[in-house]
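Here are a few exercises to work through with the model open beside you. Each one sets a task and then walks through a solution.

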Amino acid sequence: MERYNQGLVSVVIPTCNRGELFYKAIESVLNQTYKNIEIIVIDDNSDNPLQLEQYESHPVNIIYHKNGENLGGAISRNKGASLGRGEFVCFLDDDDTYLPHKLERLVSELDADKSLDAIFGRVIRASNPQRQTDLSFTDKNGIISSLKSISYLHTNTSLIRHESFDRIKFDEELGKFQDTQLHIELVNKCKCKYIDENVATWLDNHGNGQITDMKDINQYYRSIDNFSKLKENLRRRNSISYFEYKKMAFDLSKMKVKCCLKFYNNNVELNLFEKNVLSVVRFRRSLFCR
């Protein structure tokens, strides 16, 4: 007996106090040209109940689960995937949308090549809609061949074989960067393809607060802490090479130095290299500010 239903797509939407944007997100799934869909809504302990009864007449099955407390994106997404019965699984942030053909286009790719574990399309970023993709991270067939791809992969644009996702999942120790973690492990452990076609939108400029925000010192602290965990957890699971580990260590150093430059009074602990870089940058800034 097959564990998952062939051809069915499980779309997981975690949400928490998102308001009207959530309904735009769910309606973008209901309006897909591909119809063999189920939607799993994971309510991460919102203050007010979701108005899902308005969709009861729609043929798409909507599964609802509410967390007893706020558990964050990684746990919520994993919970949603565990409730899904689709051969394929994908995720949608509650403030973003799919383009109408997203699932039909990506399902066709996975159906055409059974060896593929995951397929990614291109996201339209609201703050930079004309951004071009550097396709040097793919081979001539679109197969992703390096982690150069990570800055172009977005959770909203993926479609993953459910059994492949089950081997990796989101790292539940991470309160941030779990998208990056999943994509790194998919690229390094699975066969993934990228198509340079728009399939989803990323509304990164709506102003209602996002996990990617880096506006205050606490958001920097959270990013530094979670990126450090990400680096170490990936290394512990042998999901990255030594070179990739050192590259992430360098990126972490840049994040810490940037925090110190932006917020003079901070509690960031720097190593000797980071202290030297910070001193040099501050000295150069002082010369230009005279």
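**Exercise 1: the start of a helix**

At the start of α8, a side-chain oxygen of Asn271 comes to within 3.2 Å of the backbone nitrogen of Phe273. Before going on, note that this is a predicted model, in which local features need pLDDT of at least 70 and side-chain atom pairs count only at pLDDT 80 or more, while totals for chains, interfaces and linings use all residues. Residues are numbered from 1 along each chain as its sequence is written, and side-chain values use heavy atoms, with hydrogens and water left out.

Solution. Helices are DSSP runs of H or I with at least four residues, strands are E runs of at least two, and both are numbered from the N terminus.

**Exercise 2: the surroundings of Asn67**

Task: decide whether Asn67 is buried or exposed, and list its side-chain polar partners.

Solution. Start with location: Asn67 sits in the loop between β3 (61–66) and α2. Next, accessibility: its relative accessible area is 6%, so Asn67 is buried (buried is under 20%, exposed over 50%, partly exposed in between, with a 1.4 Å probe and protein chains only). Then look for polar contacts (N or O pairs within 3.5 Å; within protein, one atom must be able to donate a hydrogen and the other to accept it, and residues adjacent in sequence count only if both atoms are side-chain atoms). The Asn67 side chain pairs with that of Asp44 at 2.9 Å and with that of His65 at 3.3 Å. Finally, contacts (heavy atoms within 4.5 Å): leaving out residues up to four places away in sequence, Asn67 touches Ile42, Asp43, Asp44, Asn45 and Ser76.

**Exercise 3: the cysteines**

Task: how many disulfides does the whole structure contain, and is Cys90 buried or exposed?

Solution. A disulfide is a pair of cysteine sulfur atoms within 2.5 Å. Searching the whole structure gives zero. Cys16 has a relative accessible area of 26%, so it is partly exposed. For Cys90, the nearest cysteine sulfur belongs to Cys192, 15 Å away. Cys90 is buried, at 0% relative accessibility.
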